[in-house]
Amino acid sequence: MNLLTQERYQSILSMVNEKSAVTVAELAEVLGISESTVRRDLTALDELGKLKKVFGGATSVTKPEGIYEDNVSLRENLMSEEKTEIARYSAKLINNSDFVFIDSGTTTSRLIDFIDNNKATYVTNGIVHARKLVQKGLNAYLIGGKVKAATEAVVGAEGIANIKSFNFSKAFMGANGIDIDSGFTTPEIEEAMLKEAAVNRSYMAFVLADHTKFRRVFSVTFSPLRKCCIITDSLPDNRYAKETVIKEVMK
């Protein structure tokens with residue numbers, strides 16, 4: 001591989017990673033090379049695992065982010081305005097007859113601030129969530145099981161067994177990452193298993209996630225995209241809209 005080719009590869013990868021998806025025509029125009037050269041370069045980079053070659057262009061490759069997860073206090077103030085608008089919209093989806101699961105997480109915790117329906121029944125695996133529900137005078141149940149300190153969530157086999165005895169009409173879920181290929185992901189196995197059980201036991205499941213969660217992959221997938229609607233502030237990539245129902249609350 002000569003220096004010119006290396007420079008061309010680097011330029012292509014920079015564009016793909018910045019925009020998530022680019023066309024052959026875009027690359028040819030920006031780089032001042034022929035479309036046939038672009039296609040050859042995309043094929044080579046695809047074989048190297050640096051990008052994904054698709055019809056008419058290429059998309060970025062999302063790398064797993066591992067098992068590390070910031071604790072609740074660090075995440076609480078991130079994307080605050082976006083979380084508030086997502087939570088405000090989501091609360092309006094709860095009807096009187098609903099049997100609702102509320103997953104642990106900072107955005108789902110904020111959801112409770114906007115709930116004014118005292119006729120629905122609520123189940124959660126979030127310790128803080130349960131306290132907030134009770135303080136609002138709502139009919140609430142807390143899943144039993146092992147407590148995970150970082151997220152203040154109940155996880156483990158006992159919690160999953162509890163979940164499997166319920167039939168929720170709606171579930172409001174959190175996720176650390178959302179990716180077209182990997183689906184909804186989270187860093188920790190036990191928490192992922194409980195999330196998976198909640199989604200599977202729900203008639204409708206909603207993932208509440210701001211735009212920074214897209215194109216990120218963590219260690220464990222708890223659901224494919226098609227099983228959950230996404231409520232977000234804005235969608236950074238329209239390809240996700242082909243996989244599931246998405247509501248943008250700040251568009």
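## Conventions

Axes are lines fitted to C-alpha atoms, for helices over the stretch in contact, and angles run from 0 to 180 degrees between N-to-C directions. Helices (H or I, at least four residues) and strands (E, at least two) are DSSP runs, numbered from the N terminus.

The model is predicted: local features need pLDDT of at least 70 and side-chain atom pairs count only at pLDDT 80 or more, while totals for chains, interfaces and linings use all residues. Residues are numbered from 1 along each chain as its sequence is written, and side-chain values use heavy atoms, with hydrogens and water left out.

Helix α5 covers residues 80-91, which is 12 residues. From its first C-alpha to its last it reaches 17 Å, close to the 16 Å expected at 1.5 Å a residue (the expected span is 1.5 Å times one less than the number of residues). The buried residues of α5 include E82, K83, T84, I86, A87, S90 and A91; buried means under 20% relative accessible area, exposed over 50%, and partly exposed in between, with a 1.4 Å probe and protein chains only.

Helix α6 (residues 106-114) packs against α5 at an angle of about 55°, and the two axes are 8 Å apart. That angle makes α5 oblique to α6; angles under 35 degrees count as roughly parallel, over 145 as roughly antiparallel, 65 to 115 as roughly perpendicular and the rest as oblique. On the α5 side the contact (heavy atoms within 4.5 Å) is made by S80, K83, T84, I86, A87, R88, S90 and A91. On the α6 side it is made by T106, T107, R110, L111 and F114.

## The three-stranded sheet

Three strands form an open antiparallel sheet in the order β1-β3-β2. Strands β1 (21-23) and β2 (51-54) are the edges, each pairing on one side only. On average, neighbouring strands of this sheet are turned by 20° against each other, direction ignored. Two strands pair if DSSP finds at least two bridges between them; β2 and β3 (residues 57-60) have four, in the antiparallel sense. L51 stands opposite S60 in β3.

Two helices lie across these strands. Helix α2 (residues 24-31) lies across β1 and β3 and runs at about 75° to β1. Helix α3 (residues 35-47) lies across β2 and β3, at about 130° to β2.

## Lysine 195

K195 sits in helix α9 (residues 189-200). Its relative accessible area is 3%, so K195 is buried. Leaving aside residues up to four places away in sequence, K195 touches D103, S104, M173, G174, T186 and F222.
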